[in-house]
Amino acid sequence: MKAGGWAGLFPVMATMGAVGCFDAVEPDVGPPLHDFCQNEDSDPSRDVEFTRDIVRGIFVDSNIACYDCHTADGRTPLGLEVGGLDLSSYSGLRSGGAVGGPDLVVVGRPCESILVQKISAGPPFGSRMPLDGPPFLDNEQRQLIIDWIAEGARDN
Ligand code: HEC
């Protein structure tokens, strides 16, 4: 390079700095495509109960209404007919769905469980559940499902 080559660049760099090119390094990429997930139980002092917390607290909840679509006597049993998933009982859930099969719940591994992936942003196939959301599950409800699987996915 000729002597003075670098010196020639100085005015250019100074101008870029002055108009803020170096400050704007973070592109606007929008929200993350997947929700954050951790396999650990977030609160080991609390025992999540399937019937009380998951079924009554979430599956039947009128805002979420998994039951409407995932039980034979639901209002629009599309989730049962198309998704092959019966949420009317513990054994129905553990039998799995049309695509996920029994991997819907991988005991002790909530993040690998398709049930958790389907209620989160960026599901591995099909739509995020509930299909007619929003509203989707809030963070507390989602964490209850994660913790229930982390604690062994018991029928309690
Ligand atoms: C408006 C109807 C509707 C509601 C409400 C609904 N689902 Fe679904 N669900 C479907 C349909 C249709 C499919 C199949 C298409 C797909 O996977 O996106 C499905 C598929 C699924 C699957 C994947 C099954 C498989 O292995 O193929 C899971 C898991 C699931 N739903 C869980 C839930 C949960 C949990 C709720 C409540 C939070 C819920 N769904 C609410 C209609 C519904």
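This short talk covers the ligand site and the disulfide of the structure shown above.

Before the details, please keep in mind that this is a predicted model, in which local features need pLDDT of at least 70 and side-chain atom pairs count only at pLDDT 80 or more, while totals for chains, interfaces and linings use all residues. Residues are numbered from 1 along each chain as its sequence is written, and side-chain values use heavy atoms, with hydrogens and water left out.

Let me start with the ligand. The shell around the ligand holds 26 residues, of which C66, C69, H70, K118 and M129 come nearest, where a residue counts as near if one of its heavy atoms lies within 4 Å. Turning to polar contacts, meaning pairs of N or O atoms within 3.5 Å, a polar side-chain atom of K118 lies 2.7 Å from an oxygen atom of the ligand. The backbone takes part too, with a polar atom of G100 at 2.7 Å from a ligand oxygen and a backbone N or O atom of V99 at 2.8 Å from one.

Now to the disulfide, defined as a pair of cysteine sulfur atoms within 2.5 Å. The whole structure contains 1 disulfide, and it joins C37 to C111 with an S to S distance of 2.2 Å. Because the torsion about their S-S bond is about -90°, the disulfide of C37 and C111 is left-handed.

Definitions and conventions:
Polar contact = N/O pair within 3.5 Å; in protein donor to acceptor, adjacent residues only side chain to side chain.
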